[in-house]
Structure formats: structure tokens, C-alpha cells
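This report is an introduction for a reader who meets the structure below for the first time. It takes up a few residues in turn and then passes to pairs of charged side chains.

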Amino acid sequence: MNPWYLYVVRCADDTLYTGITTDPARRLWEHNNSKRGAKYTQTRRPVRDIVLLEYFIDRSAAQKAERKFKKLKRQQKEAIIHENR
């Protein structure tokens with residue numbers, strides 16, 4: 001089984017986008033260069049970098065973490081990002 005990752009990227013307009021993937025580098029490339037990137041990031045290019053990356057053993061765990069992270073307020077998200085740098 002492939003590991004899954006929760007990732008958070010910072011867009012050009014300083015907003016955050018959260019997603020899950022098995023290949024963070026490919027996903028970052030897609031957000032910047034292809035239609036396979038999320039609609040949200042297509043209008044906020046360039047997606048600068050991955051500011052948070054967390055490893056999970058399976059997709060289900062990554063999805064649960066994604067839902068939990070997306071419910072946080074911006075200030076809480078930034079604090080988590082800062083703690084993990």
C-alpha cells in the first residue's frame with residue numbers, strides 16, 4: 001500500500017489549500033501546471049510551496065485529518081504550520 005499525505009499549499013494570494021495525495025511533488029506540479037490541479041488553485045497560481053506535509057498509513061486516515069484541518073480557523077491553521085516548520 002502506498003502512503004498517503006495531507007498537504008497544505010500557500011497560493012499566490014496567500015490563501016491556503018488543503019488536500020491529500022500519494023505523491024506531493026506531482027500534486028504541487030499539477031496545481032501549477034495542469035488542469036488536474038484543483039479549480040481553487042487554478043485561479044490562484046502560482047502555488048508557491050507545500051507549507052505542511054503529514055504522513056498517513058492509508059487514505060481513510062488522511063481524509064479524516066483533512067476534514068479536521070479544513071474545519072480550523074485560519075489562525076489555527078497558521079499556528080500548526082508554524083509549529084511544524
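The place of Thr41 is in helix H2, which covers residues 39–42, in what is a predicted model. Thr41 has a relative accessible area of 0% and is therefore buried, since buried means under 20%. Leaving aside its neighbours within four places in sequence, Thr41 is in contact with Cys11, Tyr17, His31 and Val47. Tyr55, by contrast, is 14 residues from Thr41 in sequence, and the two C-alpha atoms are 22 Å apart in space.

Ser34 is found in the loop between helix H1 (24–33) and H2, and with a relative accessibility of 15% Ser34 also counts as buried. When residues up to four places away in sequence are not counted, Ser34 touches Trp29, Gln42 and Arg45.

Asn32, in helix H1, is partly exposed, with a relative accessible area of 21%. Not counting residues up to four places away in sequence, Asn32 touches Arg45, Pro46 and Val47. Asn32 and Val47 are 15 residues apart in sequence, while their C-alpha atoms are 5.9 Å apart in space. A polar atom of the Asn32 side chain lies 2.6 Å from the backbone nitrogen of Val47.

Side chains of opposite charge can pair when their charged atoms come close. A search of the whole structure finds nine salt bridges, and the table gives some of them.

| Salt bridge | Closest N to O distance |
|---|---|
| Glu78 and Arg10 | 3.0 Å |
| Lys70 and Glu66 | 3.2 Å |

Glu78 forms a salt bridge with Arg10. This pair links distant parts of the chain, with Glu78 in helix H4 (residues 74–83) and Arg10 in strand E1 (residues 4–10), 68 residues apart. Glu78 is partly exposed at 23% relative accessible area, whereas Arg10, at 13%, counts as buried.

Asp49 counts as partly exposed at 31% relative accessibility, and Arg85 as exposed at 62%.

Lys70 and Glu66 both lie in helix H3 (residues 59–70), four residues apart, which is about one turn of the helix. Lys70 is partly exposed, with a relative accessible area of 44%, while Glu66 counts as buried at 14%. Elsewhere, salt bridges that share partners join Arg10, Asp14, Arg74 and Glu78 into one network.

How values were computed:
Residues numbered from 1 in each chain as written. Predicted model: local features only at pLDDT ≥ 70, side-chain atom pairs only at ≥ 80, totals over all residues. Heavy atoms only, no water. Helix = DSSP H or I, 4+ residues; strand = E, 2+ residues; numbered from the N terminus. Buried < 20%, exposed > 50% of the residue type's maximum accessible area, 1.4 Å probe, protein only. Contact = heavy atoms within 4.5 Å. Polar contact = N/O pair within 3.5 Å; in protein donor to acceptor, adjacent residues only side chain to side chain. Salt bridge = Lys/Arg side-chain N within 4 Å of Asp/Glu carboxyl O.
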